[in-house]
Amino acid sequence: QVQLGESGGGLVQAGGSLRLSCAASGSIVSIDAMGWYRQAPGKQRELVAYITSGGSTNYADSAKGRFTISRDNARNTVYLQMNSLKPEDTAVYYCHAENVITTRARGHYWGQGTQVTVSS
C-alpha cells in the first residue's frame, strides 16, 4: 500500500512564502511523475505543477514565476516552494503520484491534502 504524506501548509500573509512537502511511502520501485494540485471552495481541482522522474517540470500559468517544484527521487519526495503568495492561492493542496510501481502493483495515488490560506 502506497501512502503520500503531506506537510507544510498553513496560514500566511499575502506576499509570504510556504514550502510544501510530500513523501511517498510503501514498497516503491519507481514513480513516474509527482505533482501538486489544488482545490479552492466551490472550484474544481486544478493542476499547480508536476515534475517527472527525469526532472522535467510543468506549471500552471498562475504558478509560473512564483512557485518552484523539485523532487528527491531517492526519498520519493516532492516539494513545492511557493513565493509571493496571493489570497487567490488559498486552497487545499493535494500531492499526486503518477504511475507508482511497487513490488506488487502499479497505480496512481493522492495525498490527503494540506490547507494553504493566504490572508490579504
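In what order do the four strands of the open sheet stand? The order is β1-β3-β8-β7, and the pairing is antiparallel. Strands here, like helices, are DSSP runs numbered from the N terminus: E, at least two residues, for strands, and H or I, at least four, for helices. Two strands count as paired if DSSP finds at least two bridges between them.

Some ground rules. This is a predicted model, where local features need pLDDT of at least 70 and side-chain atom pairs count only at pLDDT 80 or more, while totals for chains, interfaces and linings use all residues. Residues are numbered from 1 along each chain as its sequence is written, and side-chain values use heavy atoms, with hydrogens and water left out.

β1 (3-7) and β7 (67-72) are the edge strands. Each has a single partner strand, so one side of each is left without a neighbour in the sheet. From one strand to the next, the twist averages 15 degrees. That angle is taken between axes, which are lines fitted to C-alpha atoms, for helices over the stretch in contact; angles run from 0 to 180 degrees between N-to-C directions.

β1 pairs with β3 over five bridges, in the antiparallel sense. Q3 sits opposite S25 in β3. E6 sits opposite C22 in β3. β1 also has two faces: L4 and E6 are on the covered one, and Q3, G5 and S7 are on the uncovered one.

How many disulfides does a search of the whole structure find? One. The cut-off is a pair of cysteine sulfur atoms within 2.5 Å. Here C22 and C95 are the partners, with their sulfur atoms 2.1 Å apart. C22 lies in strand β3 (residues 18-25) and C95 in strand β9 (residues 91-102). They are 73 residues apart, so the pair links distant parts of the chain.

Which hand does the disulfide have? The torsion about the S-S bond is about -80 degrees, so the disulfide is left-handed.

Are these cysteines buried or exposed? Buried means under 20% relative accessible area, exposed means over 50%, and partly exposed is in between, with a 1.4 Å probe and protein chains only. C22 has 0% relative accessibility, so C22 counts as buried. C95 also has 0%, and C95 counts as buried too.

Next, the core. A nonpolar core is a set of buried Ala, Val, Leu, Ile, Met, Phe, Trp, Tyr and Cys residues joined through side-chain atoms within 4.5 Å. The largest one has 31 residues, and W36, L80, M82 and Y93 touch the most other members. β3, β4, β5 (46-52), β7, β8, β9 and β11 (114-119) each supply at least two residues. β9 gives the largest share, five residues.

Take Y93. Contact means heavy atoms within 4.5 Å. Setting aside neighbours within four places in sequence, Y93 is in contact with a list of residues including E6, W36, R38, L80, M82 and V116.

V116 is in β11, where the side chains alternate. T114, V116 and V118 point to one face and are buried. β11 pairs with strand β2 (residues 10-13) in the parallel sense, over four bridges. In that pairing, G10 stands opposite V116. β9 and β11 run antiparallel, joined by three bridges. There, V92 faces Q115.

Last topic: charges. A salt bridge is a side-chain nitrogen of Lys or Arg within 4 Å of a carboxyl oxygen of Asp or Glu. The structure holds five.

Which residues does R38 bridge to? One is E46, at 2.8 Å, N to O. Another is D89, with the closest N and O atoms 2.9 Å apart. R38 is in strand β4 (residues 28-39), and D89 is in the loop between β8 (77-82) and β9, 51 residues away. Both R38 and D89 are buried. For R38, the relative accessible area is 7%. E46 is partly exposed, at 37%. Shared partners join R38, E46, R66 and D89 into one salt-bridge network.

One more bridge, D61 with K64: the closest N and O atoms are 3.1 Å apart. D61 is exposed, with a relative accessible area of 64%.
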